[in-house]
2 protein chains.
Amino acid sequence: MQPNKRPTQANKRPTRDVIVHAAAKLFRGIGIRDVSLDMVAAEAGLTKRTIYYHFRSKDEIIAAYLEARDMPNLETFKQWFDATEGTLADKVEGIFRHLAVAAHHPKWKGCGFLRTTVELVKTPGHPAMEIARAHKKRVEDWLAVELTAGGLAAESETLARQILLLLDGAFSTVLLNRDPSYMETAGLAAANLVRHALASRA
Amino acid sequence: MQPNKRPTQANKRPTRDVIVHAAAKLFRGIGIRDVSLDMVAAEAGLTKRTIYYHFRSKDEIIAAYLEARDMPNLETFKQWFDATEGTLADKVEGIFRHLAVAAHHPKWKGCGFLRTTVELVKTPGHPAMEIARAHKKRVEDWLAVELTAGGLAAESETLARQILLLLDGAFSTVLLNRDPSYMETAGLAAANLVRHALASRA
DNA sequence: TTGAGTACATTCACTAGTGAGTATACAATG
DNA sequence: CATTGTATACTCACTAGTGAATGTACTCAA
């Protein structure tokens with residue numbers, strides 16, 4: 001399961017992880033296109049050639065970066081949802097509230113998956129796109145399950161999509177306007193949609 | 001008002017326009033970062049040096065490109081809104097429906113303003129960002145006016161933002177999933193928000 | 001226990017290509 | 001003949017990716 005590490009030097013951090021970690025830091029802070037592998041190498045304290053020993057291309061590193069963020073991201077959403085007291089609508093809104101707080105950080109740069117998508121539109125078949133798509137789908141599916149559990153089985157899929165639509169819209173808009181309050185406005189809309197769906201269930 | 005054109009050769013299309021037009025075509029189809037000024041020059045049938053005679057930098061061309069799209073874009077939205085029969089909610093949804101149709105085109109590449117924003121995150125002070133921001137604001141303001149006219153004065157601003165949030169979310173999501181149906185789902189949510197706002201007005 | 005062998009890991013120095021922006025010369029127009 | 005505009009032919013910086021050599025750690029035979 002860990003073919004890149006010799007058992008006898010188990011204490012050392014695998015180089016692959018060091019590279020992905022360094023790349024992630026730069027990608028998050030600067031962007032993907034604007035980060036050269038020379039920069040990643042410098043950040044990781046390695047040579048570019050070493051990077052190319054562990055990865056076949058920059059694209060492969062981008063994919064590894066997103067993949068590493070997939071589950072943790074979803075877990076964060078789940079945590080925020082669970083940690084919010086109140087109705088189903090309140091819990092959904094809780095996700096947006098927590099995001100609004102995160103967005104206040106000056107270094108906040110939106111959703112890594114979304115940004116990657118836009119940075120890579122020119123190559124529709126890019127593996128990273130697939131990972132981003134899968135991630136969004138995972139979040140959507142999880143939301144649908146929660147909505148179903150909350151008594152909205154019939155409209156759970158549509159509603160989950162609409163919440164995600166609001167989420168992604170907020171990511172973009174907050175980035176454009178540098179104003180986290182849009183995140184709260186989006187949360188309000190999401191909560192309203194949930195509330196009205198529950199109310200109209202007769 | 002047209003300092004770059006000599007009166008005596010008034011029949012000739014001003015070179016500035018030729019350049020912006022060529023750039024726009026390439027930016028729309030390929031992206032901003034991925035279009036070099038060599039490509040723009042080739043498309044315009046000019047030399048790069050000529051471009052630099054009329055513009056000081058690539059950034060200036062990007063800004064001119066967005067600026068040229070500002071009003072026409074808004075006009076299109078207005079047209080779609082007006083052309084849709086039905087209630088206020090229906091008209092709002094109409095915008096999304098028309099966009100869904102446009103998004104079916106294989107060469108559709110989302111909202112130019114939004115894409116530009118993401119492509120330029122690294123330079124927060126970029127003039128093009130300001131133009132994009134202003135454009136979104138213009139659309140939002142127009143929507144708020146329509147909502148107010150439709151009897152939703154109190155919540156028009158919040159609602160207009162939420163509609164825009166859904167719109168931008170749909171732009172991103174459709175681009176990611178290459179599935180225009182998300183645009184319709186977003187339209188449904190927008191229409192619902194409007195409907196419920198009208199219903200709860202007692 | 002030691003020393004040669006070997007597979008993995010890393011480095012230095014490089015190629016080939018691209019892109020923004022420019023120095024300078026040339027053409028047309030009034 | 002001077003102003004405006006266009007073209008040729010560059011510079012300079014940077015980037016993805018590579019060739020070939022070097023280093024390191026563990027293995028196994030003697």
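The contact between the two chains draws on 38 residues from chain B and 38 residues from chain A.

**The interface between the chains**

Chain B and chain A bury about 3600 Å² between them, and carbon and sulfur atoms give 65% of that area. On the side of chain B, the residues that lose the most area to chain A are B:V121, B:L165 and B:L176, which together make up 19% of what that side buries.

Four helices of chain B each give two or more residues to the side that touches chain A: α6 (112-119), α7 (127-149), α8 (156-177) and α9 (181-200). Of these, α8(B) gives the most, with 13 residues. Sorted by kind, the residues on this side of chain B are 16 nonpolar, 11 polar and 11 charged.

Two salt bridges are found across the interface of chain B and chain A. One pair that forms a salt bridge is B:D34 with A:R33, whose closest N and O atoms are 3.0 Å apart.

**The helices of chain A**

Chain A has nine helices and zero strands. The C-alpha trace of chain A spans about 65 × 40 × 30 Å along its principal axes.

Over all chains, the count of salt bridges comes to 23. Among them is the pair A:D70 and A:R138, with the closest N and O atoms 2.6 Å apart. A:D70 lies in helix α4 (residues 58-83) of chain A and A:R138 in helix α7 (residues 127-149) of chain A, so this pair ties together parts that are 68 residues apart in sequence.

| Salt bridge | Closest N and O atoms |
|---|---|
| B:D34 with A:R33 | 3.0 Å |
| A:D70 with A:R138 | 2.6 Å |

**The two domains of chain A**

The domain assignment divides chain A into domain 1 (1-55) and domain 2 (69-200). The contact between them takes eight residues from domain 1 of chain A and five residues from domain 2 of chain A. Taken over C-alpha atoms, the centres of domain 1 and domain 2 of chain A are 29 Å apart.

Domain 1 and domain 2 of chain A bury about 590 Å² between them, with 42% of it on carbon and sulfur atoms. Three residues, A:R28, A:I32 and A:R33, supply 71% of the area that domain 1 buries against domain 2, more than any other three residues. Between the two domains of chain A there are zero salt bridges, but four residue pairs are in polar contact, both residues being at pLDDT 80 or more. The side of domain 1 of chain A that touches domain 2 consists of four nonpolar, two polar and two charged residues.

**Confidence**

Chain A averages a pLDDT of 90, and 94% of its residues score at least 70. Among the elements of chain A, helix α5 (residues 88-103) has the highest mean pLDDT (97) and helix α6 (residues 112-119) the lowest (87). Over residues 1-11 of chain A, pLDDT stays under 50, and the model has four contacts beyond four places in sequence for this stretch. Where pLDDT is low, the predicted coordinates should not be read in detail.

Notes
Residues are numbered from 1 along each chain as its sequence is written. Chains are lettered from A and ligands numbered from 1 in the order in which they are written. This is a predicted model: local features need pLDDT of at least 70, side-chain atom pairs count only at pLDDT 80 or more; totals for chains, interfaces and linings use all residues. Side-chain values use heavy atoms; hydrogens and water are left out. Domain bounds come from an automatic or database domain assignment. Contact means heavy atoms within 4.5 Å. Buried area is the accessible area (1.4 Å probe) that two parts lose on being put together, summed over both. A salt bridge is a side-chain nitrogen of Lys or Arg within 4 Å of a carboxyl oxygen of Asp or Glu. A polar contact is a pair of N or O atoms within 3.5 Å; within protein, one must be able to donate a hydrogen and the other to accept it, and residues adjacent in sequence count only if both atoms are side-chain atoms. Ala, Val, Leu, Ile, Met, Phe, Trp, Tyr, Cys and Pro count as nonpolar, Asp, Glu, Lys and Arg as charged, and the others, Gly among them, as polar. pLDDT is the predictor's confidence in each residue, from 0 to 100.
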